[in-house]
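Please keep the sequence and the model in view while reading.

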Amino acid sequence: ELLEEFEEHAVLKQLCAICVRVADLPLSAPLAKLLTGAELLLSRAQMWEELAARHVSIYDRLKPIELLIKRWRTIELKSWPSLLDTREAAAARRAAKWWLH
């Protein structure tokens with residue numbers, strides 16, 4: 001709708017391009033890649049909000065994206081301890097073969 005009304009607006013074109021790129025990612029894509037796309041989408045959408053008049057606001061549509069990003073970041077942060085433990089165990093196994101018995 002907005003793109004039809006403001007077809008030459010650079011921010012809206014960027015929003016559409018980001019949406020297409022994120023939608024084209026395979027389901028097996030890493031969460032970090034999807035998260036980067038969602039954050040970029042949110043950033044550009046907030047840029048639109050700063051420039052747009054109230055009658056063309058997309059503010060209500062931003063909240064679900066913000067919540068999704070927050071949830072994904074929480075998952076990422078909660079996974080760090082186990083990731084670090086796994087990496088430490090792998091490093092210890094590699095180092096063990098060099099240890100003199």
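Helices (H or I, at least four residues) and strands (E, at least two) are DSSP runs, numbered from the N terminus. This is a predicted model, in which local features need pLDDT of at least 70 and side-chain atom pairs count only at pLDDT 80 or more, while totals for chains, interfaces and linings use all residues. Residues are numbered from 1 along each chain as its sequence is written, and side-chain values use heavy atoms, with hydrogens and water left out.

- Glu66 and Lys63, which both lie in helix α4, are three residues apart, about one turn of the helix.
- Their side chains meet in a salt bridge at 3.8 Å, N to O, the term standing for a side-chain nitrogen of Lys or Arg within 4 Å of a carboxyl oxygen of Asp or Glu.
- Glu76 and Arg73 are likewise three residues apart in helix α4, and their side chains form a salt bridge at 2.4 Å, N to O.

- Glu39 forms a salt bridge with Arg73, with 2.9 Å between the closest N and O atoms.
- Glu39 lies in helix α3 (residues 31-51) and Arg73 in helix α4 (residues 59-96), so this pair ties together parts that are 34 residues apart in sequence.
- Glu39, Arg73 and Glu76 are linked in a network of salt bridges, and the count by this rule comes to three salt bridges.

**Accessibility**
- Glu39 is partly exposed at 28% relative accessibility, where buried means under 20% relative accessible area, exposed over 50%, and partly exposed in between (1.4 Å probe, protein chains only).
- Arg73 is partly exposed at 32%, and Lys63 is partly exposed at 47%.
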